Amino acid sequence: MTEYLNFFGDLAISQLADDLDHSTPDPFVTLQQNPDAQLVYLIEAYPYDLTQESSFSGEPPYGTLPISQYGFNYYGGVTLICLSDAGFVTKPTDTLANKYFIGQVNNAFQFDVSVLSNDEFGNSNQSYGSIVIQNGNGDLDRLVDYYWSSRRVVVKAGAKWFRYQDFATIFDGAIDDFDGDDDQFTLTIKDNRSKTDQQIVSGIYGGTGGIDGGSDIANTYKPLAYGVCKNVEPVLVDSVNLIYQFHDGSALAVDACRDRGVALTNGGDVADITAASVSPGQFKTQLSGGFVKLGSTPAGRITLDVQGENSGGYVSKTGDIIERIVTTRLGLNPIEPEYIDGGSLNKLDTVLAGDVGIYINRNLTASDAINDLISGVGAYWTFTRQGLLFAGTVSPPTLETTTISIDDIDEQGIKLDRVTKPAWRVSVAYAPAWTVQDESELASATTDDIRSFVSNEYRFVTNEDRGVRGKSREMVEKIFYTNIADEANAQILLDRLVSVYSEPRQVFQLTVYRELFKLYIGDQVKLIYNRFNLDNGKVFMVSGISEDAETGATVFELWG
């Protein structure tokens with residue numbers, strides 16, 4: 001007899017007993033379980049068509065015309081191009097009704113993605129692929145007149161008897177290029193990194209004076225502070241009233257304000273920094289705008305320890321900061337929440353539990369900022385097949401989700417691409433001083449602790465294993481530069497990185513068939529093979545994938 005749960009929602013449906021599970025199986029997942037299934041591909045492209053006629057109607061300016069008389073036609077707009085490798089017509093009851101997908105695609109999808117460069121994870125590179133469209137008959141010549149660059153493209157996979165809504169999205173990205181000849185067109189496709197390759201946008205100083213800045217900083221971007229940032233140099237926006245800005249927007253706190261390394265007294269927070277009266281030797285803040293005001297002319301460089309961005313709540317964890325930047329600081333083209341794998345960012349913050357920070361006072365893309373936060377912490381980021389921003393962490397693989405055996409592998413076998421060299425010394429750099437000051441910039445009254453902190457860009461925790469050093473003639477050392485704010489969490493990271501990099505790691509490449517779209521970056525698999533001491537199997541992490549719909553081949557890069 002089934003033991004029923006006490007509370008609704010205690011477990012996911014997949015964990016329920018069979019007699020409690022009334023969920024509907026995913027048609028595509030069911031299809032994938034059939035090794036002989038023939039996939040049908042649907043391509044939806046969204047180029048810009050200058051000849052497309054559209055109309056607009058709406059409420060006219062008050063008192064001019066009756067509403068029924070207000071409207072106009074215009075040319076130019078995004079059009080939907082539907083293609084397929086086999087031809088497909090949606091049903092009147094489908095979510096995309098009565099649509100014909102032209103069956104002139106030779107290769108519906110080929111795409112490569114990897115998060116491993118040499119033996120390092122982290123920095124994500126733009127991933128590319130292609131879609132090949134047959135056009136020997138010239139029926140699709142009209143496509144050359146469309147604007148394709150950076151336009152959205154979606155590839156779906158399913159079976160010829162599927163309803164449209166049963167097809168699974170296997171790619172949601174953008175078109176990089178469009179070219180062709182008398183026989184075919186090729187759409188070069190890319191993942192959604194073009195969204196994060198946009199410049200981070202903050203407010204711009206107008207140069208009209210006051211907190212709008214003087215002419216010397218006119219048309220420059222305002223600084224941004226996220227999380228815990230120590231010894232940042234704010235922008236002097238009003239030299240007459242000694243007002244500085246460290247963040248364009250609401251911030252949580254200013255923990256310290258120093259003049260030539262000597263701490264000033266915090267006089268409190270005010271609603272209007274321009275009207276604030278500040279005593280000599282003090283500073284006051286307007287946290288709602290990221291401002292600091294001094295009570296007397298400084299003797300030298302002003303630096304701050306701050307807890308930054310607080311609009312909509314304070315963020316100080318890696319995943320939270322990434323999400324806040326890409327959803328609020330990409331101008332007119334932010335990444336919508338539905339294009340973020342929030343679960344992966346939550347898991348990232350579970351593993352990287354400590355506070356971090358990033359201070360942005362120069363031109364920087366969102367990709368640059370993500371790399372800065374991710375690259376040194378044994379983590380990686382990319383985009384899922386569905387176009388979602390995704391991140392993960394790296395640990396020694398231990399728990400497989402599936403098995404690849406010799407019977408699954410192409411007859412050419414597997415390739416040992418490389419063996420990474422173990423590191424005998426691993427160091428984690430943490431608690432960055434965003435402004436480094438030498439002795440000439442510090443007053444004699446600067447405390448020894450502050451003097452030590454601001455004169456060094458990072459602090460370090462280190463692990464040395466002379467046993468590893470004795471086994472290898474190459475004395476490999478690795479230093480990971482991070483934005484982690486405290487020593488305790490830097491040590492937790494160090495322990496994980498030592499487990500990853502203190503022993504040789506194998507990187508294999510292998511080709512399998514009938515495995516399209518089943519695994520992705522970060523999944524763990526057990527590889528069983530009759531060579532390379534893999535007879536009993538070893539667990540690897542998927543670090544790279546190349547998928548080809550025409551051949552049905554999946555090439556895996558496995559790390560472990």
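Tutor: This is a predicted model. Start with arginine 425 and glutamate 477, whose side chains meet in a salt bridge.

Student: What makes the contact of arginine 425 and glutamate 477 a salt bridge?
Tutor: The N to O distance is 3.0 Å. The rule asks for a Lys or Arg side-chain nitrogen within 4 Å of an Asp or Glu carboxyl oxygen, so the pair qualifies.

Student: Why is arginine 425 called partly exposed?
Tutor: Its relative accessible area is 23%. Buried means under 20% and exposed means over 50%, so arginine 425 falls in between.

Student: How do you know which label glutamate 477 gets?
Tutor: Its value is 44%. That lies between the 20% and 50% cut-offs, so glutamate 477 is partly exposed.

Student: What makes glutamate 515 and lysine 518 a salt bridge?
Tutor: Their N to O distance is 3.9 Å. The limit is 4 Å, so this pair counts. Glutamate 515 is partly exposed at 25%, and lysine 518 is partly exposed at 34%.

Student: How many salt bridges does the rule give?
Tutor: The count is 23. Another one joins arginine 329 to aspartate 248, at 3.2 Å. Both of these residues are buried.

How values were computed:
Residues are numbered from 1 along each chain as its sequence is written. This is a predicted model: local features need pLDDT of at least 70, side-chain atom pairs count only at pLDDT 80 or more; totals for chains, interfaces and linings use all residues. Side-chain values use heavy atoms; hydrogens and water are left out. Buried means under 20% relative accessible area, exposed over 50%, partly exposed in between (1.4 Å probe, protein chains only).
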